[in-house]
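Please keep the viewer open as you read.

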Amino acid sequence: MSENTKQNYLNHPKGIMSWLLTLDHKRIGLMYLFSGILFFFLGGLLALVMRFELAAPGNDIISNEVYNNAYTLHGAIMIFLFIIPAIPGALGNILLPLMVGAKDVAFPRLNLASFYIYSFGALFAMYTIINGGVDTGWTFYTPYSTQSTSNVVPMTLGIFIIGFSSILTGLNFIATVHKMRIPGLTWYKLPLFVWALYGTSLVQITATPVLAITMVLLMLERFLGIGIFDPALGGDPVLYQHFFWFYSHPAVYIMILPAFGIISEIIPVHSRKKIWGYKFIAYSTLSIAFIGFLVWGHHMFTSGQSVFSQIVFSFITYFVGIPTGVKIFSWILTMYKGQVSFTPPMFYALAFLFLFTIGGLTGIFLGAVALDIHLHDTYFVVAHFHYVMQGGTIVAFLGGLHHWWPKSFGVMYNQTIANIAALGVFIGFNGTFFPQFLLGLRGMPRRYATYDEQFVELHSYSTFWSGILGISIFIAVMNLFWSFIKKNKVDPGSNPWGGMTLEWTHTSSPPHPHNFEEEPVLQHGPYDYDKVIVEKTYKK
Amino acid sequence: MGHHNPDSPSHLKHYFHDVNQQYETSKFAMWAFILTEVLTFAGLFVAYIVYRSWYPDMFVDAHKLLDVNKGLMNTIVLITSSLTMALAIWAIQKNNKKLSVVMLVATFIFALVFLGIKYLEYTHKFEVGQLPGEFYSYMGPDAAHLNNPHIFFSIYFIMTGLHGLHVAIGMGLIAWLIYSTQKGNLTSEYYTPMEMIGIFWHLVDLIWIYLFPLFYLIG
């Protein structure tokens, strides 16, 4: 560390324009982070409104129409405005160039453009809300989406625009991973978070164009009645579902692969042990990205598919379980005989392992045709994808935030409160969503604002715990932000968890405006805890 | 890959080691972008395949309503424009600025001719009502027996329309290249933008080479 360690990317250069027009990947990452968290709270608020409506049968708080808007906007905001852009956009942007030892991403201007395209798309989504919402469900299935009088066009236009942001970020990251690594940082020495972002980006650039064209076709269908999805004009509404899921199933992996990457960083660092099966984890990322393109039909088992298609899609769906299982076992074996410390990031990683495993295993239930025909469009599906998306992705995202918070901002949060909040998230989450598996098995359909008396008990449990979950997430995030106000600064040279990747070993906290004062020279692999001793350093 | 760079040219961005890394990165990203373009059109090709297999006879009969001569002319125009684009790059590699600009202008003009011919085709179809979906109103005797011909024209207009949009965007990019080359910003030392836009232009050409037989030459 030298004399100008006081200069970091947060305080240099100064001024509002230096933020709005910044080309620095770290600042762009922060802008994604804050907008992402904002949308996360907005989506979460909608979820709580729905849960409180469902506390008792009947329309107690909101009407059926408002409820339809609430679940559509909840899904669309969480998926398109938060999960898909936020993890690659926020953590990916901040960390990827640091992890590969680069001064920036391959195309900094394009990176800033991605952020503004995302914001522009988000404006359309916000307009949708102000203008009275949209009631088709986040999937915009035809024929209803071509007939609904709600704001289908502004919402799909917003998603279309955000898709470009996603594609450009993906392109940027792929080029960065391929071409911006420092000499000596070979593929097998990359941190696994980089592999995860690479796999994610591959899916982003190959699947998102198909979503874009699908949204265009849907808008044309509404404006011009082109007839492609309209059976009255000789078209086929099921073709829409094929197009939609050809993107949206791979999009599930856009959402979960970065989470896998975060867990692959947290577990070895907080267990101080070399990752078990590095190459297995790296290649399982790529195989999930690939297999993810071949399974979209499992969303359509009840859409009039041929039995042959059902069998093929069901069979391929099971294959996803193999690379996913490989990862879970690798993480568990990494912890085995390691020095596991129960830090907030590790708490989230452990919560992830439990919750994601439940989400993954129930995914296999739903991949089986016979069972899916019974469970399709029930709360079992709702519970399954929340275990994957929230229990998996968002829990990992929170873990990643806690892990890289001191690195990104040079401040440390209150770890005790963070641990308690993490526990609250874990318990609150299970309390909210486990009853929904039972509701689904007993036949409670999704997307209804009311229900039969027999479901009261489970629904009220779910609502009660959703309150706990909401409060816990709120405390967890506020605890992070409180560290700014409290100014609990860490030493610029500190490495509080003893991380071995370049962002921990070769730059200050928060990092230098140009990432590294001089180009880093790689001294060891990302998880060589068996060879090198890295001290945990916190304060001066 | 050396860290030492004796003559750091003005076009070298500070976050790259050297000119070579910067060039390789641009080229790599451009090919990745081409992949996204291919996938965008792939969605529409799938729609084409689905409906052609649903209505094989209608497709064969409806295609007869298209003007093969104009389509063929456009194919020749676009292939020639790809050649002039390649020659523009070859010329700038030889530092022949004048020839490069001439070739770029030729490419631009060919693109304009392409859109002009397309315009003639489109206006004719608008006049006789060979239009997508609900707007289809053509009553000619050669189409009386057709089953859902508007589906054919929906796909025809969407695919050629999206392709036409790419031609128009390409023209904007080529106009910018003409300006930059004329100004002397692009030389044999640094002509990456021309090469990248060249790749894009060849893709636009290639897509047409698929569209032409799929719409004009069936059956």
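At the interface, 28 residues of chain B are in contact with 31 residues of chain A, two residues being in contact if their C-beta atoms, placed from the backbone, lie within 7 Å. On the side of chain B that touches chain A, helix 1 (19-54) and helix 5 (149-183) of chain B each supply at least two residues. Helix 1 of chain B gives the most, with 15 residues. By class, this side of chain B has 15 nonpolar, 11 polar and 2 charged residues. Here Ala, Val, Leu, Ile, Met, Phe, Trp, Tyr, Cys and Pro count as nonpolar, Asp, Glu, Lys and Arg as charged, and the others, Gly among them, as polar. Helices (H or I, at least four residues) and strands (E, at least two) are DSSP runs, numbered from the N terminus.

A word on what you are looking at: this is a predicted model, in which local features need pLDDT of at least 70 and side-chain atom pairs count only at pLDDT 80 or more, while totals for chains, interfaces and linings use all residues. Residues are numbered from 1 along each chain as its sequence is written, and chains are lettered from A and ligands numbered from 1 in the order in which they are written.

How confident is the predictor? For the complex it gives an ipTM of 0.92 and a pTM of 0.95. The pLDDT, the predictor's confidence in each residue from 0 to 100, averages 95 in chain A, where 99% of the residues score at least 70. Chain B averages 94, with 97% of its residues at 70 or above. Within chain B, confidence is lowest in helix 2 of chain B, at a mean of 94, and highest in helix 3 of chain B, at 98. Residues 1-5 of chain B have a pLDDT below 50, and beyond near neighbours in sequence this stretch has 6 contacts in the model. Where pLDDT is low, the predicted coordinates should not be read in detail.

Now stay with chain B. Its elements are 6 helices and 0 strands, and its C-alpha trace spans about 75 × 30 × 25 Å along its principal axes. Of the 219 residues of chain B, 35% count as buried; a residue is buried if 20 or more other C-beta atoms lie within 10 Å of its own, exposed if 12 or fewer, and partly exposed in between, with C-beta atoms placed from the backbone. Among contacts in chain B between residues at least 6 apart in sequence, 73% join residues at least 24 apart.

Helix 6 (residues 192-216) of chain B deserves a look. Its 25 residues should span 36 Å at 1.5 Å a residue, and its end C-alpha atoms are 36 Å apart, which agrees; the expected span is 1.5 Å times one less than the number of residues. Buried residues of helix 6 of chain B include B:Phe200, B:Trp201, B:Trp208 and B:Phe215. The buried residues of this helix pack against helix 1, helix 2 (56-63), helix 3 (68-93) and helix 5 of chain B.

Turning to chain A, which helix has the highest confidence? That is helix 14 of chain A, at 98, whereas helix 1 (residues 16-20) of chain A is lowest, at a mean of 93. Helix 14 (residues 415-441) of chain A has 27 residues and reaches 39 Å from its first C-alpha to its last, close to the 39 Å expected at 1.5 Å a residue. Just after helix 14 of chain A, A:Gly443 takes a positive phi of about 100°.

Helix 14 of chain A packs with helix 11 (residues 344-367) of chain A at an angle of about 10°, with their axes 9 Å apart. Axes are lines fitted to C-alpha atoms, for helices over the stretch in contact, and angles run from 0 to 180 degrees between N-to-C directions. The two helices are therefore roughly parallel to each other, since angles under 35 degrees count as roughly parallel, over 145 as roughly antiparallel, 65 to 115 as roughly perpendicular and the rest as oblique. Their contact divides into 11 nonpolar, 3 polar and no charged residues.

Finally, look at the backbone of chain A. The peptide bond from A:His12 to A:Pro13 is cis, with omega near -5°, and A:Pro13 lies in the segment before helix 1 of chain A. A:Arg272 has a positive phi, near 45°, in a residue other than glycine.
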